[in-house]
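The sequence and structure are shown first.

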Amino acid sequence: MNIYTFRDEEQFVQTGANLITSLLHTNPRATLGLATGSTPVGLYAKLIEMHRQGLVSFAQTTTYNLDEYVGLPENHPESYRTFMNEKFFNHVDIQIERTHVPNGNAANPEEECLNYDKMLEEFGPVDLQLLGIGHNGHIGFNEPGESLSGGTHLVELQEKTRNANARFFPTLADVPTHAITMGVATILKARQILLLVRGEDKAEIVHRALKGPITTECPASLLQCHPNVVVLLDQGAGRLLV
Ligand code: PGA
């Protein structure tokens, strides 16, 4: 695991963007696994900026997002499909039909999960999977517990996660109770993983995930099993690692 801590926000973001753009320079047809949440917003903005400067093209890139809320229409302002379109896809030369976000509004969510994994089997593996981490150690929406699911699956969101995400909804009651998420096995199939974490409030969970025991009670700790993980931290998130 290669762990880098940055004092400077710009360097933090630029390093993440460079990893992605150098992959695309080597292999323009690379498959990216993408994430939502506050953490990658700056990275997407940097990639858009680099695209506008002619430094990177996404024309041949395929993307698979980690997760999506269940029960929100695709065009709901807080759906992860909307997030990805607004924060990234609409501003670069990616072909929208090559971008994939689980359909949280599918009539049959179980079938949607199976199909998502089938697509990843057929067209994967993901070359680079971008990840954030929740305060409870979740990756994607793989919530801590006695066991974890390997493949893409339907998950009930924990109160901690719903509370953390309530800032984006009018009230807590509006936060969906379920989501579809890639499972940990699906995530770990990626050739390379890029974990980004910002903020002092994540320092404890970063320490547990990277230095603690590998346990389903901290899903991000399973990243320790992967041979090619790059972790980018700001100073706050890396505070307990020194
Ligand atoms: P955040 O979410 O980037 O909004 O902190 C990360 C996550 O919950 O995976």
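In this predicted model, the count of salt bridges comes to seven. Side chains of opposite charge can pair when their charged atoms come close.

| Salt bridge | Distance, N to O |
|---|---|
| Glu-9 and Arg-198 | 3.4 Å |
| Arg-191 and Asp-127 | 2.7 Å |
| Arg-162 and Glu-159 | 3.5 Å |

Glu-9 and Arg-198 meet in a salt bridge. Glu-9 belongs to helix α1, whereas Arg-198 lies in the loop between β9 (192-197) and α7 (203-211), so the pair ties together parts 189 residues apart in sequence. Glu-9 is partly exposed at 37% relative accessibility, and Arg-198 is also partly exposed, at 32%.

The side chains of Arg-191 and Asp-127 likewise form a salt bridge. Arg-191 lies in the loop between α6 (184-188) and β9, and Asp-127 in the loop between α4 (109-123) and β6 (128-131); the pair therefore ties together parts 64 residues apart in sequence. Asp-127 has a relative accessible area of 12%; because this is under 20%, the residue counts as buried.

Arg-162 and Glu-159 both lie in helix α5 (residues 159-165), three residues apart, or about one turn of the helix. Arg-162 is buried at 9% relative accessibility, while Glu-159 is partly exposed at 44%. A network of salt bridges links Glu-10, Lys-46 and Glu-49.

Helix α1 (residues 9-26) also contains Thr-21. Thr-21 is buried, with a relative accessible area of 3%. Apart from neighbours within four places in sequence, Thr-21 contacts Leu-47, Met-50 and Val-56.

Definitions and conventions: Residues are numbered from 1 along each chain as its sequence is written. This is a predicted model: local features need pLDDT of at least 70, side-chain atom pairs count only at pLDDT 80 or more; totals for chains, interfaces and linings use all residues. Side-chain values use heavy atoms; hydrogens and water are left out. Helices (H or I, at least four residues) and strands (E, at least two) are DSSP runs, numbered from the N terminus. Buried means under 20% relative accessible area, exposed over 50%, partly exposed in between (1.4 Å probe, protein chains only). Contact means heavy atoms within 4.5 Å. A salt bridge is a side-chain nitrogen of Lys or Arg within 4 Å of a carboxyl oxygen of Asp or Glu.
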